[in-house]
Number of protein chains: 2
Amino acid sequence: MVERDKGRRILDAAEALLLRAGYRKVAVAEVAERAHVGKGTVYLYWPSKAELFSAVLARDSVRQLDEHIAALAADPTHSRPHLTFASLFRQVAHSPLATALYTRDHDALGELLTTGEGGVAFLAGKTDTTAHYLDVLYRHGLLADDPTTDPTLPYRLSSVVAGAFLLAGLPGAAGADVELKADALATTVRRAFEPAGEPKARALRAAAVELSALYQRWRDELARSLP
Amino acid sequence: MVERDKGRRILDAAEALLLRAGYRKVAVAEVAERAHVGKGTVYLYWPSKAELFSAVLARDSVRQLDEHIAALAADPTHSRPHLTFASLFRQVAHSPLATALYTRDHDALGELLTTGEGGVAFLAGKTDTTAHYLDVLYRHGLLADDPTTDPTLPYRLSSVVAGAFLLAGLPGAAGADVELKADALATTVRRAFEPAGEPKARALRAAAVELSALYQRWRDELARSLP
DNA sequence: ACACTGACCGAAAAACCAGTTCGGTCAGTT
DNA sequence: AACTGACCGAACTGGTTTTTCGGTCAGTGT
């Protein structure tokens, strides 16, 4: 039986090296050495380098999802898409892992995100997860358009989000203006996708419950692939 | 005195070769030969290869601006931002030059767009041109926010537009679904940046006049760098 | 029996180098 | 004075060799 701790040590080593040198430059042998483990052992836990590192990302995503879930529990207002995406943006902007990957490995990113079962998952999620998400929002009056009637909605939404992340990558000093960019995204999302007027507190609470469950399911699915 | 015709012949040659082979693969000597001109002559008209080819792009932009101006004259409704950006999107999607550049030279694109005086111009335009544009829209009630009060407006707008173009580049078959994507962009822009309700016909006409002048000035500035 | 290891394999990348191309210049021609 | 093409050095190309690295597996220790 593989001892529980070793997998975690390997992930820690992989994460540290990934932050320092980037996916391309890190050799599996290095990871093994840093984790005080034979190289073969790594392959007892993950079938390939790509899956190992997407597990690193998955672990980070689990952390972020936990934050989302906590925020939602503390304040159901976070069900509103513009707040959800603003905090998603903030999280990614402040995640060392995400920024390191984006600045150093944007070429290899595709390989990481699409590899393995768990890897793809934390992307925008499989299509049906997105559909489910939008459906919940609409049923509680947090979305202006009926997703079943308007099939271009996911496209419009990802276009807006992609634009926000694209522009966030270009300019010079990140950090201070992250808040401004997050607010900009919030404004766009609210106006382009939410109905006019404030939502009812009752609707927010009801949506929060369903969204929590949705996030939780997603979180557990991701966590299952971790040691 | 350089004869008027030669510059045009060089641009024609450059455009044709650019469409066939892409920026990287086209040699200045080829362009010169195709234009029946010595290589040195090319450098009497443009100081570098990059500026020569950004002149090709500038000429194309002039054509597109002319279309915009004509559309605006025919129907002042085109003053509304969502229609403006939708047809911008359509134009770019259908421009052989733009698509060839984007699919074959997206790495060298930066060099082209930022090189020279004329090169940068047809980008999102210098900051003050954008500011002027937004100001005109706001004064005629075609914009929900006051650009002088809300300085993040240009950022929000370019983020949305950037997202639309980014997603448009990825998928498989271009062509048929261009209309859908243009409509998606239109919807987002209208909701995120225009006031609720229909604008008055009088306001549209007034805005169209000012926008025409703005476009015209921009067009002439671009055209000035051409032979 | 089984978790674990590291020497080993082939494929892919890096390093190297000759040979060529090409952007840009300029002395010379018309 | 407009124009040209031979010329220059830097950058690229293609082919070869060397090294690196992901992945495997026979073997070790417990």
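Q: How do α11(A) and α11(B) lie to each other, roughly parallel or roughly perpendicular?
A: This is a predicted model, where local features need pLDDT of at least 70, side-chain atom pairs count only at pLDDT 80 or more, and totals for chains, interfaces and linings use all residues. Helices are DSSP runs of H or I with at least four residues, strands are E runs of at least two, and both are numbered from the N terminus. The two axes (lines fitted to C-alpha atoms over the stretch in contact, with N-to-C angles from 0 to 180 degrees) come within 8 Å and cross at roughly 110 degrees. Under 35 degrees is roughly parallel, over 145 roughly antiparallel, 65 to 115 roughly perpendicular and the rest oblique, so α11(A) and α11(B) are roughly perpendicular.

Q: Which residues make the contact of α11(A) with α11(B)?
A: Residues count from 1 along each chain as its sequence is written, while chains are lettered from A and ligands numbered from 1 in the order written. "In contact" means C-beta atoms, placed from the backbone, within 7 Å. On that basis, the contact is made by T188(A), R191(A) and A192(A) with T188(B), R191(B) and A192(B).

Q: Which helix supplies the largest share of the side of chain B that touches chain A?
A: Across the whole interface, 17 residues of chain B are in contact with 17 residues of chain A. On the chain B side, α10 (153–169) and α11 (178–193) each supply at least two residues. The largest share, 10 residues, comes from α10(B).

Q: Why do the copies meet through the same surface, and what percentage of interface residues shows it?
A: Take the interface residues of chain B and look for them in the interface of chain A. The copies meet through the same surface because the share also found there is 100%.

Q: What kind of axis relates the two copies?
A: Superposing by least squares on C-alpha atoms of residues with pLDDT of at least 70 in both copies, chain B lands on chain A with an RMSD of 0.3 Å. That takes a turn of 178 degrees and a shift of 0.1 Å along the axis. The copies are thus related as by a two-fold rotation axis.

Note on methods. Contact = placed C-beta atoms within 7 Å.
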